[in-house]
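Subject: Structure handover

Hello,

Here is the structure I said I would pass on. My notes on it follow below.

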Amino acid sequence: MGIRNAVIGNLSYVENRQDAGALWENFVIAERMKALAYQNSFSSSWFWRTKQQQEIDYIEEENGQIKAFEFKWNPNKAHAKCPASFMEAYSTATYKVITPANIEEFLLHSPEHER
């Protein structure tokens, strides 16, 4: 992300940026992938979006268990709801919103502990 910011010429503090949410999403996904690799987890990962633009930022699947995650930089949005169409299609999936307040738990606990 540092290279991206240098290329677009925006090295402002995150508090002063219009793209803070997008930076947060990219940071969390990159760090999660590193953590999973370190833990020797073989989860598959995706994102999900409908034609109506409903979306899930990040999905992991391992051993048939689907875990959906939404990433919110703003802690006031920590109560974001999972799209009903996703839960209808994947009724056994879990859903969690990740904010700066719970990022540590998301990155430091192995996937087995999230069940």
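Is F27 buried, exposed or partly exposed? F27 is partly exposed, as its relative accessible area is 32%. Please keep in mind throughout that this is a predicted model.

Helix 2

F27 has an aromatic partner in W24: the ring centres are 6.0 Å apart and the planes are at 35°, which makes the pair tilted. Both residues belong to helix 2, and because they are three residues apart, about one helical turn separates them. In an α-helix there are 3.6 residues a turn, so residues three or four places apart point the same way.

Helix 2 runs over residues 20-38. It has 19 residues, and the distance from its first C-alpha to its last is 27 Å, close to the 27 Å expected at 1.5 Å a residue. The buried residues in helix 2 are A20, L23, W24, V28, R32, A35 and L36. After the helix comes N40, which has a positive phi, near 55°.

The cores

The largest nonpolar core has 10 residues: W24, V28, L36, Y58, F69, F71, I98, I103, F106 and L107. Helix 2, strand 3 (65-71) and helix 4 (103-108) are the elements that each give two or more residues to this core. Another core, of eight residues, lies apart from it and includes I59, A68, F86 and A93. As a general point, nonpolar side chains in soluble globular proteins tend to be buried together.

Aromatic residues

The number of aromatic pairs is eight. One of them, W24 with F27, was described above as tilted. Y58 and F71 also make a tilted pair, because their planes are at 35° with the ring centres 6.1 Å apart. Y58 is in strand 2 (residues 55-62) and F71 is in strand 3, so this pair ties together parts that are 13 residues apart in sequence. Y58 counts as buried at 4% relative accessibility, and F71 is buried with a relative accessible area of 3%. A single aromatic cluster is formed by Y58, F69, F71 and F106.

What does Y58 contact, leaving aside its neighbours within four places in sequence? The residues are I29, R32, L36, S45, W46, K67, A68, F69, F71 and F106. Two residues in that list, R32 and F106, also meet each other: the charged end of R32 sits over the ring of F106, 4.2 Å from its centre.

K67, one of the contacts of Y58, is placed in strand 3. Its relative accessible area is 2%, so K67 is buried, the cut-off being under 20%. K67 is 25 residues from T92 in sequence, and their C-alpha atoms are 9.0 Å apart in space.

N102 sits in the loop that lies between strand 4 (94-98) and helix 4. Is N102 buried or exposed? N102 is buried, because its relative accessible area of 17% is under the 20% cut-off. Leaving aside neighbours within four places in sequence, N102 is in contact with K96 and V97.

Regards

Terms used. Residues are numbered from 1 along each chain as its sequence is written. This is a predicted model: local features need pLDDT of at least 70, side-chain atom pairs count only at pLDDT 80 or more; totals for chains, interfaces and linings use all residues. Side-chain values use heavy atoms; hydrogens and water are left out. A nonpolar core is a set of buried Ala, Val, Leu, Ile, Met, Phe, Trp, Tyr and Cys residues joined through side-chain atoms within 4.5 Å. Buried means under 20% relative accessible area, exposed over 50%, partly exposed in between (1.4 Å probe, protein chains only). Helices (H or I, at least four residues) and strands (E, at least two) are DSSP runs, numbered from the N terminus. Contact means heavy atoms within 4.5 Å. The expected span of a helix is 1.5 Å times one less than its number of residues. Rings of Phe, Tyr and Trp (its six-membered ring) pair if their centres lie within 6.5 Å; planes under 30 degrees apart count as stacked, over 60 as edge-to-face and the rest as tilted. A charge sits over a ring if NZ of Lys or CZ of Arg is within 6 Å of the ring centre and within 35 degrees of the ring normal.
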